[in-house]
Amino acid sequence: MKNLLIVFSSILVLFLVGCGEKKEDVKTQEEPQKKVLKVGMELAYPPFEMSDKDGTPSGVSVDMAKALGEYLGRDVVIENIAWDGLIPSLKTGKIDIIISSMTITEERKKSIAFSIPYAQSSLAILANKNSGITSIDDLNVTGKKVAVKKGSTGHIYAKDNLPNAEVLVFDKEAACVLEVVQGKADGFIYDQLTIYKNYAKNMDTTVPLLQSFQKDFEYWGVALRQNDPLIEEVNTFIKRAKDDGTFDTFANKYLTDAKKTFDELGIPFFF
């Protein structure tokens, strides 16, 4: 009997070990979690980058990020980062890419890489109604004050091309608009869509000068770290999204009124 108990115990141990090994095998065969794509943007630029009333990220760039994530088979996490912190966050690996209405410039390309352009834009002016400003030349006059957002292409343009004006630099777009609305600045230089949007909110005090005064368009791109192999997949996604109407869907969802105005004025639209 004792021998039988020993044999039975040995069989039971082997069975349990076998079950344990089988369970471990099942565990290793589980599907791996999707790799997360961390997308940096400043949620302060509606309708491209903004938040809903409950704080949920929304806008053209958010929808674009989600579509890119779906194309790559990766879950997307939106990181809301102040404009000045976007490129440092990318370079240090806090985020994987930037989709934040960022203009492709030679200066930025010295430290980061860009995808092919996905949108085009140009600078415009939001002028105070009583300023007498009708063109960019009217701003380049001693005594005139120009509001710009720090680090924006409008800031760069004013610094390089308006030596006679007083350039007022602010961290936030809203602060620039307020200066113009209150008559403390004669004009605010920023991209055409932002100028149109802020004019629509302040029709009693501002005038939009939407026709471009630049020789060339500005182009927006997805920003990545230099030599990141992901750039090829991002470029493929952008080409496909342009061809299959994905960007048209974004425009119809968020930019209907602006597109109509741009078409009436004969101004090329973003997408």
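Q: Which residue of β5 stands opposite Val39?
A: In this predicted model, Val39 faces Ile97 in β5.

Q: What makes β1 and β5 a pair?
A: Two strands pair if at least two bridges are found between them. Strand β1 (residues 36–41) and strand β5 (residues 97–98) are joined by 2 bridges, so they count as paired. They run parallel.

Q: Why are β4 and β6 called edge strands?
A: The open sheet has 5 strands in the order β4-β1-β5-β14-β6, and its pairing is mixed. β4 (75–80) and β6 (113–114) each pair on one side only.

Q: Why does Thr105 count as lining the second largest pocket?
A: A lining residue has an atom within 4 Å of a pocket point. Thr105 is listed in that lining, along with others including Trp83, Met102 and Ile156, so it meets this cut-off. The space in this pocket is about 210 Å³. Helix α3 (residues 83–91) gives the largest share of the lining, 4 residues.

Q: What makes 5 residues of the second largest pocket's lining nonpolar?
A: Ile, Met, Trp and Pro are among the types that count as nonpolar. Trp83, Ile87, Pro88, Met102 and Ile156 are of these types. The rest of the lining divides into 3 polar and 3 charged.

Definitions and conventions: Residues are numbered from 1 along each chain as its sequence is written. This is a predicted model: local features need pLDDT of at least 70, side-chain atom pairs count only at pLDDT 80 or more; totals for chains, interfaces and linings use all residues. Side-chain values use heavy atoms; hydrogens and water are left out. On a 1 Å grid over the protein atoms alone, a cavity is a set of points where a 1.4 Å probe fits but cannot get out, and a pocket is an open set with protein on both sides within 12 Å along at least five of seven lines; lining residues have an atom within 4 Å of a point. Grid points are joined across faces, edges and corners, and a volume is the space filled by probe spheres set on the points.
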